[in-house]
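Please look over the sequence and the 3D structure shown here before reading on.

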Amino acid sequence: MTLAALGWGVWWTGLVLARFAPWLAPDFLSGETLIMVLSMACAVPGLFLALMTIRAKRSWLPFAAVAVFANASLLAMPWLLEGLVRAPG
C-alpha cells in the first residue's frame, strides 16, 4: 500500500500542477511522461508485493485485495486518463 500511495501521490501532484500551475505541469498525453514512469515504478513492485501477500488462508484475501486494486488501478491510470481527455463531448 505504501508504493500505491506514492504512485497516486505522483498522479495527484501532476494533476494539481496542471490545474494551478500549468507551466510546471508535464504533458499528460505524451507517450512517456515523468508522471507515468514514476507511477509505474511504484505500481509494478507494489502489485507484485500485494500478490505475494495472498496466503493460503482466505482471511488474507480482503487485506491483499485493497493493495492489489490500488496498484492495478494505478497501472490503468494512463489509459483511463487518455479515454477521459479524448472522449467526445
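Met-52 counts as partly exposed because its relative accessible area is 48%, where buried means under 20% relative accessible area, exposed means over 50% and partly exposed lies in between, with a 1.4 Å probe and protein chains only. This is a predicted model, in which local features need pLDDT of at least 70 and side-chain atom pairs count only at pLDDT 80 or more, while totals for chains, interfaces and linings use all residues. Residues are numbered from 1 along each chain as its sequence is written, and side-chain values use heavy atoms, with hydrogens and water left out.

**Overall make-up and confidence**

- The chain holds 3 helices and 0 strands, and from the N terminus on its elements run α-α-α; helices (H or I, at least four residues) and strands (E, at least two) are DSSP runs, numbered from the N terminus.
- The average pLDDT of the chain is 84, and 87% of the residues score at least 70, where pLDDT is the predictor's confidence in each residue, from 0 to 100.
- Confidence in the chain is highest in H2, at a mean of 92, and lowest in H3, at 85.

**Surface and burial**

- Of the 89 residues of the chain, 29% count as buried.
- The chain has an accessible surface of about 6,200 Å², and 75% of this belongs to carbon and sulfur atoms; such areas come from the Shrake-Rupley method with a 1.4 Å probe, and for residues only the protein chains shown count as cover.
- Met-52 has its place in helix H2, and its C-alpha atom is separated by 8.7 Å from that of Ala-64, which is 12 residues apart from Met-52 along the chain.
- Ala-5, whose place is in helix H1, is partly exposed because its relative accessible area is 49%.

**The nonpolar core**

- The largest nonpolar core has 8 residues in all, namely Val-10, Trp-11, Ile-35, Met-36, Ala-43, Leu-74, Met-77 and Leu-81; a nonpolar core is a set of buried Ala, Val, Leu, Ile, Met, Phe, Trp, Tyr and Cys residues joined through side-chain atoms within 4.5 Å.
- Helix H1 (2-20), helix H2 (34-52) and helix H3 (61-85) are the elements that give two or more residues to this core.
- In soluble globular proteins, nonpolar side chains tend to be buried together.

**Contacts around Ala-43**

- When residues up to four places away in sequence are not counted, Ala-43 touches Asn-71, Leu-74 and Leu-75, where contact means heavy atoms within 4.5 Å.
- Asn-71 lies in helix H3 and counts as buried because its relative accessibility is 0%.
- Leaving aside neighbours within four places in sequence, Asn-71 is in contact with several residues, among them Leu-3, Ala-4, Cys-42 and Ala-43.
- Leu-75 also lies in helix H3; Leu-75 and Ala-43 are 32 residues apart in sequence and 6.2 Å apart in space, C-alpha to C-alpha.
- With neighbours within four places in sequence set aside, Leu-75 is in contact with Met-40, Ala-43, Val-44 and Leu-47.
- Among contacts in the chain between residues at least 6 apart in sequence, 66% join residues at least 24 apart.

**A charge over a ring**

- Arg-19 lies over the face of Phe-20, at 5.4 Å from the ring centre; a charge sits over a ring if NZ of Lys or CZ of Arg is within 6 Å of the ring centre and within 35 degrees of the ring normal.
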